[in-house]
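Please look through the sequence and the three-dimensional structure shown here before reading on.

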Amino acid sequence: ETALSQRLEILLSIVTEQSYKSVCRGLFEAHKLTFSFLLCAAIQLAAGYISHEQWNFFLRGGKPAGKANEENPDPDFITKDKWQLVRALSELVPENFKHLPTQVRDKTLPW
């Protein structure tokens, strides 16, 4: 890592922090958390920690790509739409949610 890239990282960090503080001065307390979340999400997106597909799922929800015939384990507990979202999340982010449908299906009482 070169001295220039280190300087740019430091500069970006300082500008981000100062921008955050400046904007927060003009926000109501109730809106600061939302702004903080959006800023953090933008940073995570730019760094590649969150994919655009994951961000869109968070904002809009999604449709499952496969297993369309997998039956809802407990329609009284979880609606059809929510069950589809559980399955879609497990397909979109398998490294974190691969077993979520199985856990919800097998343990509907604790949920």
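The following text treats helix packing, the nonpolar core and the cysteines in turn.

This is a predicted model, in which local features need pLDDT of at least 70 and side-chain atom pairs count only at pLDDT 80 or more, while totals for chains, interfaces and linings use all residues. Residues are numbered from 1 along each chain as its sequence is written, and side-chain values use heavy atoms, with hydrogens and water left out.

Two packed helices are described by the angle between their axes and the distance between the axes. Helices here are DSSP runs (H or I, at least four residues), numbered from the N terminus. Axes are lines fitted to C-alpha atoms, for helices over the stretch in contact, and angles run from 0 to 180 degrees between N-to-C directions. Helix α1 (residues 3-25) and helix α2 (residues 29-47) cross at roughly 155 degrees, and their axes come within 11 Å. The two helices α1 and α2 are therefore roughly antiparallel, a term for angles over 145 degrees. Contact (heavy atoms within 4.5 Å) joins Thr 16, Tyr 20, Val 23 and Cys 24 in α1 to Lys 32, Phe 35, Ser 36, Leu 39 and Ile 43 in α2.

A second pair is formed by helix α3 (residues 52-60) and α4, which pack at an angle of about 165 degrees with axes 11 Å apart. That angle makes α3 roughly antiparallel to α4. Here Glu 53, Gln 54 and Phe 57 in α3 meet Leu 85, Ala 88, Leu 89 and Leu 92 in α4. Leu 92 itself touches Glu 53, Gln 54 and Phe 57, not counting residues up to four places away in sequence.

The largest nonpolar core has ten residues, including Phe 57, Trp 83, Leu 92 and Val 104. A nonpolar core is a set of buried Ala, Val, Leu, Ile, Met, Phe, Trp, Tyr and Cys residues joined through side-chain atoms within 4.5 Å. The elements giving two or more residues to this core are α4 (80-92) and α6 (100-106), and α4 provides the largest share, five residues.

How many disulfides does a search of the whole structure find? The search finds zero, a disulfide being a pair of cysteine sulfur atoms within 2.5 Å. Cys 24 is in no disulfide, as the nearest cysteine sulfur, that of Cys 40, is 13 Å away. Cys 24 is buried, with a relative accessible area of 8%, whereas Cys 40 is partly exposed at 41%. Buried means under 20% relative accessible area, exposed over 50%, and partly exposed in between (1.4 Å probe, protein chains only).

Methods:
Angles under 35 degrees count as roughly parallel, over 145 as roughly antiparallel, 65 to 115 as roughly perpendicular and the rest as oblique.
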